[in-house]
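I opened this entry to keep a record of what I looked up about ring contacts, surface patches and strand pairing.

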Amino acid sequence: MNQWKSAHAVETDARSLAEVVEGADIFLGLSVKGALTPDMVKSMAEQPIIFAMANPDPEITPEEVEIIRDDAIMATGRSDYPNQVNNVLGFPYIFRGALDVRATAITEEMKIGCARALAELAREDVPDEVASAYGERPRYGPKYIIPAPFDPRLIREIPPAVAEAAMECGVARLPIVDMEGYKQRLSARLDPVAGVLQAIMEKVRRDPKRVVFSEGEEEQVIRAAIAFRDLELGEPVLVGREKAIHATMDRIGLPRPVCPPIHNARTSPLLQDYADYIYQRLQRQGYLLRDCVRMVSNDRNIFSACMVAMGDADSLVTGVTRNYATALEDISHVIDPMEGRRPIGVSLVLARGRTVLVADTNVHDMPTAEELADIAVETAHVARRLGYEPRVALLAYSTFGLPLGERSERVREAVEILDDRRVDFEYDGEMAADIALNADAMALYPFCRLTAPANVLIMPAIHSASISTKMLMELGDSTVIGPILVGLSKPVQIVPVSCNVSHLVNMAALAAFDINK
């Protein structure tokens, strides 16, 4: 016994660890391997909490505890066991919050704020990054009471909790007024997508929309819809069968009360109105009324598109279970292009601190010169809608005539068409991608009209656009958002097949934002 131990000692007749542990609710060990024996664990109270923190080997292993009893909650400092207690869960974020409010000290209240934020985070549905690392999606329970160290939400949740505690206990010299804005800036440090979409999401929060998630029975769609609502981006609607959606929620551990509103196409009172609407559109294309009834009742994309077309919802996101072309064809039965506009797919590429828009990545196979010019105009509009002043490069395998071929000639013709239209943005071509994106290489062509490297790339064909963006996603240190569907008269976004929850939420936000305005 010394002065530090005596400060925490209590009066007791017990003279051994075995005597102390008997009937105990909690064991917190910072000692040595084997200090806690199986017999000691047997003697503990019901549902004991065991934090065996000896390093590198805990006082007792989870395997040993599982043999003895099945009601224990266990944590160690080891990454190969559930519930790893890791200092990276706390200390970098405590300092981040303390520095951001210029705290004069790290107080107990700030540490407690960190601990409480971690506890709340553990109760929330885990993101895809954590599920991927675990090989399964952990849920709150005996084997998941502590967030994983690689949970991307830590940087968003912990520093604000620490900063708020610092302000409450009077050690903050620079209080944070806009806490939500602070959280978004923190997210952007880790995720470049968050930074790009921050302004969009703020606008969506100020004018929330009703967004239809057409594949409502899919697990990631349900999670995305709930996340969309929790982020206060609007009101999600799931299209699907109630029993199937509830069964999925039960399986993944989501309580039914958090389920968004559900519309079942087959039993909806709106079915006949939607069928009549489709019939008016398609009756001279060989469709009978009964064909239209079947379309609306059997196809969730058709039903969801009707909800948007008829004003029962504001926007739509789909694509998880069908490829892009099929989903777009379904929606085209219901929703027309904007007058004078050309539907295209625009991918937003974030790489090495730069943002570049690439089009058309999903609609036009081998565009003509006229179509290339239209695509350039549409993409420049998207760039401005996202807050960028467009510098458009029309790409080819040749650069300003060398070597010139049939496909390059189409690109040159597109430039001439833009000249005739007298558009109000910078553009030039044909040029190779390395010239368009590299200022030094561009300087070799002093006649080039672009004042800086391009931030909008118009691809000569869909195959080059699709291949290049998907290669960047897999091989490059890049993030790709989209393709963003532009040019329809109603806001619709189509996601890649089997995309993850965060991508779905981002695309739903873009649908609510309506990139076409």
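The notes below go through aromatic pairs, a surface patch and a strand pairing in turn.

**Aromatic pairs.** I worked from a predicted model. I counted ring pairs with centres within 6.5 Å, and the count came to 7 aromatic pairs.

I looked up Phe 91 and Phe 95. Phe 91 has 40% relative accessibility, so I wrote it down as partly exposed. Phe 95 has a relative accessible area of 45% and is also partly exposed.

Next I looked up Phe 213 and Phe 228. Here the ring centres are 5.9 Å apart with the planes at 70°, so this pair is edge-to-face. Phe 213 is in strand 4 (residues 209-213) and Phe 228 is in helix 11 (residues 219-230), so the contact ties together parts 15 residues apart in sequence. I checked burial for this pair: Phe 213 and Phe 228 are both buried.

I also noted a cluster in which ring pairs link Phe 400, Tyr 445 and Phe 447.

**A charge over a ring.** Which residue lies over the face of Phe 513? I found Arg 385 there, at 3.8 Å from the ring centre.

**Surface patch.** I went back to helix 5 from the surface side. Phe 91 and Phe 95 are members of a nonpolar patch on the surface, together with Val 88, Leu 99 and Ile 106. The accessible area of the patch is about 430 Å² in total. Leu 99 is another residue of helix 5. Its relative accessibility is 52%, so Leu 99 counts as exposed, the cut-off being over 50%.

**Strand 13.** Is strand 13 largely enclosed or open? I found 8 of its 9 residues (residues 478-486) buried, so the rest of the structure largely encloses the strand. I then looked for a pairing partner. Strand 8, residues 344-351, pairs with strand 13 in the antiparallel sense, over 7 bridges. One bridge I wrote down joins Val 349 to Val 480, the latter being in strand 13.

Definitions and conventions. Residues numbered from 1 in each chain as written. Predicted model: local features only at pLDDT ≥ 70, side-chain atom pairs only at ≥ 80, totals over all residues. Heavy atoms only, no water. Phe/Tyr/Trp six-rings, centres within 6.5 Å; stacked < 30°, edge-to-face > 60°. Buried < 20%, exposed > 50% of the residue type's maximum accessible area, 1.4 Å probe, protein only. Helix = DSSP H or I, 4+ residues; strand = E, 2+ residues; numbered from the N terminus. Lys NZ or Arg CZ within 6 Å of the ring centre and 35° of its normal. Patch = residues over 30% accessible without salt bridge, like charges linked within 9 Å, V, L, I, M, F, W, Y side chains within 5 Å. Areas by Shrake-Rupley, 256 points an atom, 1.4 Å probe, with all protein chains shown as cover. Salt bridge = Lys/Arg side-chain N within 4 Å of Asp/Glu carboxyl O. Pairing = 2+ DSSP bridges.
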